[in-house]
Amino acid sequence: MGPIVARIRSPLAPVHAAIARHYAAHEVADDGQFSDFPVTVAPPSLARRFIRPTVTFRLDDAPVFQPLPAEQAFALLEWGLNWCIATQCHQYLIIHSAVLERHGHALLLPAPPASGKSTLCAALVARGWRLLSDEMALVALDRGDVTPIPRAIGLKNDSIDVIRRFWPDAAIGTVVEKTLKGSVAHARPPAESVARQHEAVRARWIVLPHYAKGAPTALEPLSRGAAFMRLVDCAFNYAMHGRRGFELLATVIDAAQCHSFSYGGDLDAAVRTFDALAEAS
Amino acid sequence: MTGTPSWRVVACEAIAVREWDEELVVYNDLDGATHHLAPLGGKVLLALLERPSGFDASDLTARVGMLIGIDEADVLAPVVDEALDELVRLDLVTQVAD
C-alpha cells in the first residue's frame, strides 16, 4: 500500500473477506519479500475464539492494543495499520489529514477527529478526486511532496448512510456497531487511486474542514500562519523532526493556498466548492 | 546604580522564523516549541534578531516603528512593552541589565 508493505496474518474469515473487498486492487508482495509491518489480527487465546470472542492486533508478535470484540477485527486491523504508520514511518512528516489530488495537485484536509474530514474525503472521491489517503499525509522529508497510501476509507456513524446515498456505487463493508468510535464501516478505495499510488504530488490547497449540522457551505481564506499552526497541531511526529519539520511545513505552506471550510451536510455544494477551487488554480 | 534594561533574543542561532503577510511563525530549537505571533510581536522579534546583543527599550521602539511605519514613540512604547512581555513568557526573549 503506497510505500508500505504489510504482511497480514489472520485465522478469521471475516478479516480475509474484508481484505479481499477493500484491497482487491492492491499489489500482493512475493512470499519472501521484506515487509515493513508484519501484523496479526487473531484471538488472543483459543478460549477467546469461542467464549466472548475477542481479537488482538500484534506487530511483530507483540500486542499493541487491548483486545476488542471479534466483530471489530477488520476495524482493528485498519486502526492498527494507522498506528504502525504514524509511529514508525519517520522518513515522512506525518500529518493527520485526508489527501486528494486533482489536476496534479494535492488537497490536504488536516483536521482533528469529528471534523467531517473523512465524509468530505469520501464525497470528493465519489466525484472523481484521486484518493491519496483518508487519514494521513505522508510528506517526504527530502522532497516535500505527499506520498500516496490509498487504503479503505473509514466512515463513522451518520456518515455511513450519508455516503451510501451520495455514492451508490461505493463498496462499503459491514457496519460494525458499538466501537469506541461508534458505528464504523469502510469504503473500498477506487482502483484508479490504487493504480496511481506511486505518484506523489505537491500540496496546492490546505483546507481546514469543519462540519456543523445545517451550517451553510462556505470556503474562506485562511492566513498562512493559522494554516501552518494547524499542520503543526496535526503532525504526529513534528516534535521528532524539530527544525527540519518546521522548515518542511513552511515550504509546504509557501506553495499552498489556505482556506477554512465549513459545511452542514450538503455534499453536492461541498464538492462544487472544491471543484471550483481546483479549476481556479 | 540601576542599569538601563535591554532586551535580546535568548539564542538567535536557535530561532527559525517564517513570515507571511505580517504574521510570524517561530521555532525555538532550545525547547522545540513553535509559536504563531501576532503582527506586532513578530516585528519586535524580528527587530531583536537583527541585533543579537540586544536593544534598550527606546531603541527597540524606534526600530519597530521603522519596521511598521509608525514614529510616535509614546503610542508605540506601551504596546512594544506588552509584546516583549509575551516574548519573555514564550522564552524567546530575555531582559538584560546593562
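**View 1. Chain A falls into two domains.** Domain 1 of chain A covers 1–88 and domain 2 covers 91–281, with bounds taken from an automatic or database domain assignment. Their C-alpha centres lie 24 Å apart. Please keep in mind that this is a predicted model, in which local features need pLDDT of at least 70 and side-chain atom pairs count only at pLDDT 80 or more, while totals for chains, interfaces and linings use all residues. Residues are numbered from 1 along each chain as its sequence is written, and chains are lettered from A and ligands numbered from 1 in the order in which they are written.

**View 2. Here is where the two domains of chain A touch.** The contact takes 16 residues from domain 1 of chain A and 22 residues from domain 2 of chain A; residues are in contact if their C-beta atoms, placed from the backbone, lie within 7 Å. On the domain 1 side, α1 (13–22) and α3 (73–88) of chain A each supply at least two residues. Of these, α3(A) gives the most, with 5 residues. Helices (H or I, at least four residues) and strands (E, at least two) are DSSP runs, numbered from the N terminus.

View 3. A:Val176 stands opposite A:Val184 in β13(A).

Methods. Two strands pair if DSSP finds at least two bridges between them.
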